[in-house]
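Work through the exercises below with the sequence and the model open. Try each task before you read its solution.

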Amino acid sequence: MSDHIPTRNPGEIAKLRRAGEVSARILTELASAIHPGMTTGEVDAMAADLFAREKCGNAFFGYAGYPGQLCVSVNEVVVHGIGGSRVIRDGDIVSLDVGAIVDGWYGDNALTVPVGTVRPEVLRLLAVTEEALYRGIEQAKQGNNLVDVCGAIEDFVRPFGFGIVQDYVGHGVGRRLHEEPSVPNFRPHYRLPHLRRGMILAIEPMITLGSYRVRVLEDKWTAVTEDGSWAAHFEHTVAVGSHGGEILTERPRTALPQQLGITL
Ligand code: MF3
Ligand code: CO
């Protein structure tokens with residue numbers, strides 16, 4: 001079952017790490033710049049500057065015709081928000097998703113930032129989604145089945161009663177943005193592959209305060225929750241290791257409960 005999933009050797013993983021580091025640097029810098037009054041189009045323009053400064057390729061721009069430099073998804077937008085005239089307000093949450101290409105190798109990462117004073121329930125959503133990502137990463141180890149990653153995410157999120165998005169999932173990444181396998185954030189009804197060292201996964205839980213159901217807007221990209229409830233999204237690119245996933249898009253955590261001043 002895992003025959004067609006590439007494994008990368010240490011030299012290749014070093015190259016993936018360079019792409020991951022650039023992706024993380026751009027993401028982190030954008031996250032720190034988000035403030036009330038800014039438009040999502042301004043975030044996109046800032047991303048264009050950062051990609052130019054890093055002299056790296058952009059994994060999203062032009063992918064299947066995607067028109068943005070990054071995905072910038074506010075509140076009820078789950079993923080694939082395109083920068084435009086929408087104004088970011090105090091109390092909003094903004095999901096940023098950035099992918100870079102260095103020497104033909106891909107990095108992919110995402111996080112959700114709270115803007116100003118955000119409702120405690122929403123802060124809980126962020127903390128739970130970030131923690132779910134790390135629970136998944138922990139299970140990305142040789143000898144496990146991929147379902148251990150997916151199940152760890154589902155089992156952590158489920159008791160909170162939040163919605164687990166099914167229509168969008170994580171994925172293999174490497175020489176292309178999307179490679180085998182799919183990485184659902186729940187136990188799917190189909191069989192998943194065994195994990196071998198050097199497989200590269202983009203793990204990316206998308207969790208909502210309400211329904212797990214999403215719909216895509218007229219622009220053919222923007223995915224919003226069906227019920228308008230708010231959504232969070234955290235993503236890392238990791239290499240399957242002997243003790244757990246080795247994070248290639250390392251960044252400081254931003255949604256630990258103590259950082260947000262909440263308890264789970
Ligand atoms: N992290 C998302 C994904 O892996 C972002 C893709 S945006 C796209 O699907 F434009 F490239 F599709
Ligand atoms: Co991704």
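This is a predicted model: local features need pLDDT of at least 70, side-chain atom pairs count only at pLDDT 80 or more; totals for chains, interfaces and linings use all residues.

**Exercise 1. Find the peptide bond in cis form and place its proline.**

Solution. The cis bond joins Glu180 and Pro181, with omega about -5°. Pro181 belongs to strand S8.

**Exercise 2. Which residues of strand S2 are buried, and on which side does each lie?**

Solution. Strand S2 covers residues 71-74. In a regular strand, side chains alternate between the two faces of the sheet. Sort the residues by side: Cys71 and Ser73 are on one, Val72 and Val74 on the other. All four are buried, so both faces of S2 are covered; buried means under 20% relative accessible area. Last, look for the partner. S2 runs antiparallel to strand S4 (residues 93-102), and four bridges join them. Cys71 stands opposite Asp97 in S4.

**Exercise 3. Describe the largest pocket and the largest cavity.**

Solution. Rolling a probe the size of a water molecule over the atoms shows where empty space is left. Take the pocket to begin with. The largest pocket has a volume of about 300 Å³. Its lining counts 19 residues, and those nearest its centre are His80, His171, Leu177, His178 and Glu204. By class, the pocket lining has 10 nonpolar, five polar and four charged residues.

Turn to the cavity. The structure holds one cavity of 30 Å³ or more. The largest cavity contains about 40 Å³ of space. Its lining is made by Ile5, Pro6, Arg8, Val173, Glu179, Glu180, Met199 and Ile200. Five of these are nonpolar, none is polar and three are charged.

**Exercise 4. Which residues other than glycine have a positive phi, including Lys55?**

Solution. Begin with Lys55. Its phi is near 55°. Lys55 sits in the loop between helix H2 (40-54) and strand S1 (57-58). Its relative accessible area is 76%, so Lys55 is exposed.

Go on to His80, with a positive phi of about 65°. His80 lies in the loop between S3 and S4. At a relative accessible area of 22%, His80 is partly exposed. His80 is also among the residues nearest the centre of the largest pocket.

**Exercise 5. Is Val87 buried, exposed or partly exposed, and what does Val87 touch?**

Solution. Locate Val87: it lies in the loop between strand S3 (77-79) and S4. Because its relative accessibility is 27%, Val87 counts as partly exposed. Leaving out residues up to four places away in sequence, Val87 touches Gly37, Met38, Thr39 and Asp92.

Notes:
Residues are numbered from 1 along each chain as its sequence is written. Chains are lettered from A and ligands numbered from 1 in the order in which they are written. Side-chain values use heavy atoms; hydrogens and water are left out. Buried means under 20% relative accessible area, exposed over 50%, partly exposed in between (1.4 Å probe, protein chains only). Helices (H or I, at least four residues) and strands (E, at least two) are DSSP runs, numbered from the N terminus. Two strands pair if DSSP finds at least two bridges between them. On a 1 Å grid over the protein atoms alone, a cavity is a set of points where a 1.4 Å probe fits but cannot get out, and a pocket is an open set with protein on both sides within 12 Å along at least five of seven lines; lining residues have an atom within 4 Å of a point. Grid points are joined across faces, edges and corners, and a volume is the space filled by probe spheres set on the points. Ala, Val, Leu, Ile, Met, Phe, Trp, Tyr, Cys and Pro count as nonpolar, Asp, Glu, Lys and Arg as charged, and the others, Gly among them, as polar. Contact means heavy atoms within 4.5 Å.
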